[in-house]
Structure formats: structure tokens, C-alpha cells
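Hi everyone, thanks for making time this morning.

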Amino acid sequence: MRHGTLLPPVRPLPAAAAELRSAVRGFLAAERAAGRFVPVCDAWLSGWDESFSRRLAARGWVGMTIPPEYGGQGPSALERYVVIEELLAAGAPVAAHWVSDRQVVPNLLRYGSEELRRRYLPAIAQGACYFAIGLSEPDAGSDLAAVRTTGTRVDGGWRVSGVKIWTSGAHCAHALIALLRTGPRDGRQRHVGLSQLLIELGQPGVTVRPIISMTGEHHFNEVVFSDVFVPDAQVVGTIGDGWAQVTSELAYERSGPERLLSTFVLLDTLVGELASRAGDARTQDAVGRVVSRLWACRQMSLAVAGALADGEAPEIAAALVKDVGTRLESEIIEVARMLTAAEPDPAGAGIAGMLAHAVLHAPGFTLRGGTNEILRGIVARGLAVR
Amino acid sequence: MSERDLLRDTVERLLAEHGTAERIAAAAQADWDAALWRALEDTGLTLAGSPEELGGSGGDLVPAADIALAAGAAAAPVPLAETLAAGMVLARAGRPIPSGPLALAVAAGRGQALQRVPYGRLATTVAAGADGTGDWLAVIARPARVQPGRNVAGEPRDDVRPGADAEVHPAPAGTADHARRLLRLFRSLLIAGAAQRALELTVTYVREREQFGRPLARFPTVQQELARMAGEVALVSAATQAAVAATQAAGAEPPAGATMSAVLAAKAQASHSAGIVAAIAHQLHGAIGTTEEHRLRLTTTRLWSWRDEDGPASECFAELGRAALRAGAGGLWPWLTRER
């Protein structure tokens with residue numbers, strides 16, 4: 001195992017990145033100055049703002065990897081990385097278009113039919129088409145292959161019945177990208193017979209029920225399908241290849257900047273509040289610890305992003321980014337607590353309010369996108385121990 | 001095979017040929033492995049990254065960094081990374097590079113004793129300093145007067161007192177800062193190599209060792225710890241790679257006043273992760289890993305030494321923390337995303 005085997009080589013960002021970064025910063029500063037958003041932790045889950053998504057799209061910063069023939073800017077995965085890390089670091093409300101931009105665009109570009117691409121990609125690039133993810137089910141959490149939502153073959157399409165859960169934003173989204181069972185298991189081969197379908201949400205037979213988080217917020221839903229007809233045209237890729245299609249996308253989902261920056265605005269606020277204590281050794285030490293780890297995590301995430309942009313599939317490294325990055329997101333909360341002695345206050349301003357929000361969101365950091373325990377299992381398999 | 005891969009293969013093979021556990025243990029008694037050193041010097045590996053006209057073997061920081069990484073992985077009992085770093089500091093100042101092993105140190109002042117210099121007893125020590133008159137370099141030819149000492153890996157760490165005959169040369173502005181940066185960077189690279197080796201040794205062990213009728217690797221708890229270890233190894237790898245790239249991009253003349261946060265962050269991360277990596281390696285090896293006979297200790301004792309050398313984590317955390325607090329609200333992110 002040569003050094004670097006675990007992690008793809010760290011590659012420099014494209015030359016255009018610096019100019020792009022400064023343009024995004026200018027846009028965000030103007031948005032904040034105009035009072036159009038207030039930075040919050042975990043805004044990629046909790047900041048649903050459709051007009052923000054459209055303003056962002058008007059600048060070409062939604063669906064950036066969509067080629068011009070489908071209404072986008074052309075492939076520029078690393079430039080997209082720069083834009084989304086700027087948005088996340090600013091705590092900007094990106095939740096509405098998040099799944100469309102991160103998940104659906106690469107999925108359709110890789111597997112989608114011409115018809116599906118033409119139907120969805122231009123609208124996504126305009127910041128006007130929002131998706132939810134339909135993976136988890138009540139009895140299929142970490143064990144994703146246990147999904148039981150079923151598509152039954154009917155004339156011209158599939159009749160779908162079943163329940164999806166933890167579907168962030170399904171109550172506002174236009175459609176859901178679902179993994180479901182379209183064929184029987186082949187003995188012990190649990191991964192066969194699964195397929196990916198795009199299901200429009202505003203149609204008869206689809207019921208979206210809210211799941212209220214302990215924050216009192218409504219982000220998650222349970223989505224029930226009762227004999228919903230989904231035409232063949234809504235099938236992504238090949239019937240029966242759903243498992244391979246879903247797992248090939250996971251490196252995107254696990255290694256992005258959203259796996260380390262969910263609490264960045266808290267850290268930013270913290271260093272502001274502690275400015276007068278810049279000479280205090282304990283403060284320096286605690287801030288230095290999280291800052292060095294954040295810096296290193298970002299380099300890891302960039303290394304994976306570079307490999308993805310070059311067409312590689314660094315599954316192990318992506319899992320590692322999520323494991324170390326999401327644990328850091330929670331560590332930032334601990335540092336903020338220890339250094340400020342602020343009591344988390346849901347109605348409070350500044351650190352107190354941010355802490356209240358972050359503390360209640362934190363358990364989700366190491367659960368969503370595959371629990372860290374499952375991810376560490378993937379890493380162990382990658383090290384050839386299983 | 002690329003030129004870079006060729007170099008890495010050459011250095012790894014050479015270190016492996018000489019790197020039996022017996023040889024490394026014997027070197028601790030004899031201060032170092034002179035035969036390995038000769039082999040490295042003959043191949044031109046000890047002065048990569050320094051120009052040929054000054055006595056180096058050419059190339060830039062990237063091959064030198066690759067060699068240091070390999071030296072860390074091999075627990076090589078020679079001042080290889082130290083010589084590479086010292087050569088680069090001399091070259092930046094346009095000074096000829098003496099033959100033989102070198103050590104690099106940052107001096108508190110002219111004529112001041114240098115503490116715990118790696119291989120000080122047998123190396124030519126290059127001391128960098130800065131004072132009211134500007135930056136300077138002292139070249140303290142061996143044998144200097146030394147107070148011998150060792151680190152917990154048994155590597156020589158000697159207090160060196162410059163003699164009256166030590167040459168002191170004026171050096172370009174920023175020489176002392178550059179020396180401090182390279183010390184941190186090369187120490188981080190050694191740690192990165194050793195951390196990777198600790199992971200390899202542990203993977204091999206848990207696959208071979210059986211308990212309760214199956215390899216340790218089959219136990220989910222063991223897998224979880226192994227993955228946690230891999231996460232730390234990957235963090236150090238990413239951080240050191242990025243620090244090498246940033247140093248390379250900055251060239252010999254980083255912008256005035258730049259703290260080179262990349263190098264600082266890399267050393268902080270390497271120092272912090274070193275302890276976690278060593279602890280998990282030992283936990284998964286069980287009691288056998290704590291013996292003198294077992295090879296693991298050659299790597300872990302170095303991790304425990306190196307993390308506190310050339311900028312201990314506490315110092316790096318404090319410096320980074322200060323810089324982050326100075327950057328302040330709204331300034332932290334731009335500071336973190338600077339290219340260097």
C-alpha cells in the first residue's frame with residue numbers, strides 16, 4: 001500500500017476558481033446586506049428559499065455541471081465545488097435546489113434518457129425544479145437493500161406502492177428520485193431487482209406526511225405511494241441496475257463540503273465573539289484544534305472532488321471524508337460551548353441561538369448519507385479486512 | 001512509469017533492503033546506519049531538491065518530500081529528511097552544501113546552544129537565525145561539542161554548542177522563517193509516512209491474528225477502529241500533500257508576513273493524529289506490539305517523538321488559533337481558503 005493509496009492525490013483547483021470564488025462572495029455579501037438571508041447552521045437541510053435558488057441560478061450557479069444543450073454551463077465539477085463551499089460557509093439557504101443540484105444532475109447525466117434530461121435539466125439549471133431523495137424506508141435504514149417499495153409492471157409503466165421516509169423537503173419538492181424493487185430477489189442476491197424511478201409528487205396516490213424534528217422544524221417527511229402509475233419514461237437507467245446506479249453516486253454524496261461545513265457559521269460567529277480573547281492560550285488552543293482539522297478535512301474533500309472530476313470513483317476516500325468531517329461538525333459545537341459558556345437558547349441571538357439550532361441538528365450529521373458506522377465498515381472492506 | 005514513481009520506487013526499495021528490524025535496532029546502538037547513509041548518498045537521494053551547482057542533486061521540493069515520506073515509513077535510522085531540509089535552506093541562501101549528513105535548527109541567537117538537534121553528534125549542523133542585523137546562517141562543522149541525548153525512538157537528539165570556528169554568513173531575508181517552515185514540513189512528512197506504515201502493519205496483523213476462531217479483522221469493533229485510524233492517516237496525507245503544494249507554489253520567497261498556514265495546519269494535524277494512530281495501532285496489536293522485538297514500536301516510538309519535535313501540536317494549535325481569531329468573523333473563511 002503506497003502512501004496516498006487511501007486518498008487520491010491532492011490536485012490544485014482550476015485557475016478560474018479564484019475569480020469565481022470572489023464573484024460568489026460578492027453575491028452573498030449583497031444578499032446579506034439586502035436582508036435576503038440570515039446565516040444558519042445546516043442550511044443545506046433547513047434553508048429552503050426558492051427565490052434564493054432562482055437568483056443563484058440566474059448567475060449560473062445551480063446545476064453548473066449541466067452541459068449547454070440542456071440549459072447549463074458545461075461540465076465544471078470543481079467550479080461547482082467552489083460555489084457550493086462558498087454557499088455553505090456563508091450559511092446560505094440552498095436546501096430547495098440541493099438534491100437536484102447534487103444528486104439528480106450527475107445521475108441524469110450518467111444514466112438518464114434524452115427525454116428525462118430534456119424534461120428536468122433545464123428547469124434545474126433555472127433553480128426552479130426541486131427533488132427529494134427516496135432511499136430510506138421504515139424497515140430499510142442503514143440496510144438500504146432491504147427496500148420494499150415495489151414497482152409492478154403494468155402497461156406502459158410501473159405501478160408503485162410503498163413508503164419512503166426521511167425524505168427532506170418532499171412537502172415542497174416537485175419530484176422524488178426513488179430506489180425501489182421492480183423484480184424479485186435472486187436468492188441471497190439482495191441487490192438484484194432494484195431500479196431507480198423519478199416520481200412526480202403532486203399526483204393522486206402520493207401522500208406526504210410531515211415528520212417534525214425535535215427542533216420543531218418540518219424538514220423530513222414520510223411519503224406513501226398507493227398504486228401510483230409511473231410511466232416507463234420516468235425510469236432512470238436500466239431496470240434492475242438500481243443498486244449499482246445508486247451506489248455509484250454515493251461518493252458525490254459523502255465527500256462534498258456539506259460533510260464538514262454544516263456548523264461553519266457557528267465557528268465563524270465564535271471567532272468573532274472571541275476577538276477580545278485572541279491572546280488567551282486556552283482560546284487559541286481550542287480554536288486552533290478545530291481550525292487545523294477543518295483545514296485538513298477540506299483538503300481531503302478537495303482531493304476526492306478532484307478524483308471525481310477526473311472520472312475516478314474513490315469510494316473509500318469519500319467514506320473517510322464523511323466520517324472525519326461530520327465528527328468535526330459536532331466538535332465545533334463542543335468548542336463553542338466550552339469557550340463561551342453560552343446556554344443554548346432557541347430564541348436567542350448570536351451564539352446562544354446558533355448553539356440551540358446546532359445542538360439539535362447535530363445527531364443527524366453522523367446519520368444522514370449512511371451512518372458513520374456503515375461508512376467505517378466500507379473503509380474496512382477497502383482495507384481488505386472483510 | 002512516471003519519473004516521480006521511479007524515484008519513489010528507488011528510494012522505497014533501497015530503504016527496504018537496508019531496513020530489516022535488526023538493522024534498525026542495531027543502528028540505535030551505533031547512533032545511525034552508516035551503510036544505509038552511504039547507499040543513499042551514492043544514489044543522490046540525500047540532497048534532492050537542491051541545485052547541482054551548490055552540491056545538491058537537483059529537482060524541487062516534490063521529490064524531496066517523497067523521499068522524506070518514504071524515510072518516515074521505513075523508520076530509517078539516518079538524518080535523511082533533516083539533510084534534505086538543511087540542503088534546501090543553504091541553497092536558498094546560495095551557500096554551498098557540505099557533503100555528509102546535515103541537521104537543521106533555528107537558533108535563538110548567534111553563538112547560542114542548539115537544543116536536541118537530530119543526529120547533532122555526527123551531522124554538520126546548519127543553524128538559521130534572525131536578529132537586528134538581518135537573517136544569518138551558521139554552519140557548524142562536525143564534530144561540534146555536543147551533549148548527547150536521544151528521543152523515545154532512540155534517535156540521537158543532541159545539544160550542539162557552536163565552536164568559535166563556526167562560520168556565520170549573512171543570509172537573505174526570511175531565511176530563518178523558511179528554515180522553521182521546512183523543519184515543520186519535513187517533520188510532518190516523516191509523521192505521514194510513519195502513520196501510513198502503522199496502518200499497514202495493523203491491517204496485516206488483524207488479518208493474520210486469530211481469536212475466537214476467526215481473524216481479528218472479522219470483528220466489527222476491530223473494523224471500526226481500523227477505519228478511524230485510516231481517517232487520521234488520510235487527514236495527515238491530505239494535509240501534508242497540500243502543504244507541500246503550497247510551499248512549492250510560494251517558491252523560495254513567500255509573501256512577506258505570510259504565516260504559511262498550510263504548513264502550520266499540516267504540522268498541527270500530523271502531530272495530533274500521530275497519537276491517535278499510534279494508540280489504535282497498539283490497541284489492535286495487543287500486548288505483542290509493546291515488545292522490543294516487535295517491529296511496530298519502531299514506528300510508534302517515532303510517532304510519539306516526532307509529534308513533539310519541530311513545532312509541537314500545542315505550539316501549532318496556538319499559532320493557528322491566534323491567526324483564526326485575528327481573521328475574525330467574516331474573515332475566517334477567506335483565510336482558510338487562501339491558496340497557501
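This is a predicted model: local features need pLDDT of at least 70, side-chain atom pairs count only at pLDDT 80 or more; totals for chains, interfaces and linings use all residues.

The predictor gives the complex an ipTM of 0.94 and a pTM of 0.95. For chain B, the mean pLDDT is 92, and 96% of its residues reach 70 or more.

Now, the place where the two chains meet. Here 46 residues of chain A are in contact with 46 residues of chain B. Which elements of chain A give two or more residues to that side? They are helix 8 (264-273), helix 9 (281-309), helix 10 and helix 12 of chain A. Helix 9 of chain A supplies the largest share, 17 residues.

Within chain A, the axes of helix 10 (residues 315-340) and helix 12 (residues 372-382) come within 9 Å and cross at roughly 145 degrees. That crossing of helix 10 and helix 12 of chain A is left-handed. On the helix 10 side of chain A, the contact includes A:Ile316, A:Ala319, A:Leu320 and A:Asp323. From helix 12 of chain A, the residues include A:Leu375, A:Arg376, A:Ile378 and A:Val379. Counting both sides, this contact divides into 6 nonpolar, 3 polar and 4 charged residues.

Staying in chain A, let's look at strand 7 (residues 218-231). Strand 3 (residues 157-165) of chain A runs antiparallel to strand 7 of chain A, and 8 bridges join them. One pair you can find on screen is A:Val160 with its bridge partner A:Val228. Strand 6 (residues 206-212) of chain A also pairs with strand 7 of chain A in the antiparallel sense, over 7 bridges. In that pairing, A:Ile211 has A:Phe220 as its bridge partner. Strands 6 and 7 of chain A form a hairpin with 5 residues between them, and A:Gly216 in the turn has a positive phi of about 90 degrees.

Over to chain B, where there is an open sheet of 4 strands in the order 1-3-4-7, with mixed pairing. Strand 1 (102-106) and strand 7 (167-171) of chain B are the edges; each has a single partner strand, so one side of each is left without a neighbour in the sheet. From one strand to the next, the twist averages 25 degrees. Strand 1 of chain B pairs with strand 3 (residues 124-131) of chain B in the parallel sense over 5 bridges, and B:Ala105 has B:Ala127 as its bridge partner there.

Two helices lie across this sheet. Helix 5 (residues 80-92) of chain B lies across strand 1, strand 3 and strand 4 (134-140) of chain B, at about 65 degrees to strand 1 of chain B. Helix 6 (residues 175-208) of chain B lies across strands 1, 3, 4 and 7 of chain B, at about 115 degrees to strand 1 of chain B.

Is B:Lys267 buried or exposed? B:Lys267 is buried, because 35 other C-beta atoms lie within 10 Å. Beyond its neighbours within four places in sequence, B:Lys267 is in contact with B:Arg184, B:Arg187, B:Ser188, B:Gly311 and B:Cys316.

That's my tour, and I'm happy to take questions.

Conventions
Residues are numbered from 1 along each chain as its sequence is written. Chains are lettered from A and ligands numbered from 1 in the order in which they are written. Axes are lines fitted to C-alpha atoms, for helices over the stretch in contact, and angles run from 0 to 180 degrees between N-to-C directions. A crossing is left-handed if the near helix is turned anticlockwise from the far one by less than a right angle, and right-handed if clockwise. Two residues are in contact if their C-beta atoms, placed from the backbone, lie within 7 Å. Ala, Val, Leu, Ile, Met, Phe, Trp, Tyr, Cys and Pro count as nonpolar, Asp, Glu, Lys and Arg as charged, and the others, Gly among them, as polar. pLDDT is the predictor's confidence in each residue, from 0 to 100. Two strands pair if DSSP finds at least two bridges between them. A residue is buried if 20 or more other C-beta atoms lie within 10 Å of its own, exposed if 12 or fewer, and partly exposed in between; C-beta atoms are placed from the backbone.
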